[in-house]
Amino acid sequence: MSFFDQLDNERIVKAIGDAERATAAEIRVHITRRRPVDIEAYAKVRFERLGMTRTAARNGVLIYVAPNIRKFEILGDTGIHERAGQAFWDAVAGEMAELFREGRVNEAIVRGIARAGEELAKHFPRQAADVDELPNVVDEEHEE
């Protein structure tokens with residue numbers, strides 16, 4: 001079964017909603033069918049295109065997955081990256097990588113969302129007046 005056949009968008013969207021209930025931050029997941037040569041550069045472009053830098057506190061997180069090259073990238077905007085630090089993102093990526101290697105596609109993505117949400121909640125707890133600034137969807141990009 002292919003990565004895309006295994007993908008459970010409903011479960012991933014639920015995980016985003018669950019994580020965002022405790023934080024004012026935004027989490028997005030992007031899945032590409034492309035084979036980016038430089039995944040970090042592609043992830044940064046998608047981060048911008050999805051409006052991740054337009055959150056009020058610069059606290060958006062993008063999980064960018066390129067299954068056709070078996071790679072992924074986690075990007076945190078400046079507000080969260082300054083607080084969490086690279087070691088945190090490396091630890092989350094390590095946990096996700098292990099689950100991906102085991103073929104547990106949805107678990108890997110859901111785990112990344114949950115860990116990001118836990119960290120975001122520490123630094124950007126949800127307030128009564130908070131609004132969801134970005135849609136909770138799995139953004140998919142098809143090869144052109």
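Reader: Which elements each supply at least two residues of the lining of the second largest pocket?

Author: They are α3 (39-49), β3 and α4. Keep in mind that this is a predicted model.

Reader: What makes a residue part of that lining?

Author: A lining residue has an atom within 4 Å of a point of the pocket. Among those that line the second largest pocket are Glu 40, Lys 44, Phe 72, Trp 89 and Asp 90. The pocket holds about 220 Å³ of space.

Reader: How do the lining residues of the second largest pocket divide by class?

Author: There are 5 nonpolar, 3 polar and 4 charged residues. Trp 89 is in the lining, and Trp counts as nonpolar.

Reader: What is the volume of the largest pocket?

Author: About 400 Å³. Of the 16 residues that line the largest pocket, the closest to its centre are Phe 3, Pro 67, Arg 70, Phe 100 and Arg 101. The lining has 9 nonpolar, 4 polar and 3 charged residues.

Reader: Why is α4 called roughly antiparallel to α5?

Author: The axes of α4 and α5 (residues 105-123) cross at roughly 160°. Angles over 145 degrees count as roughly antiparallel. Therefore α4 is roughly antiparallel to α5.

Reader: Which residues make the contact of α4 with α5?

Author: Among them are Ile 80, Phe 88 and Leu 99 of α4, and Val 105, Ile 109 and Leu 120 of α5. By class, this contact has 14 nonpolar, 2 polar and 6 charged residues.

Methods
Residues numbered from 1 in each chain as written. Predicted model: local features only at pLDDT ≥ 70, side-chain atom pairs only at ≥ 80, totals over all residues. Heavy atoms only, no water. 1 Å grid on protein atoms, 1.4 Å probe; cavity = no way out; pocket = protein on both sides within 12 Å on 5 of 7 lines; lining within 4 Å. Points joined across faces, edges and corners; volume = space filled by probe spheres on them. Helix = DSSP H or I, 4+ residues; strand = E, 2+ residues; numbered from the N terminus. Axes fitted to C-alpha atoms, helices over the stretch in contact; angles between N-to-C directions. Parallel < 35°, antiparallel > 145°, perpendicular 65-115°, else oblique. Contact = heavy atoms within 4.5 Å.
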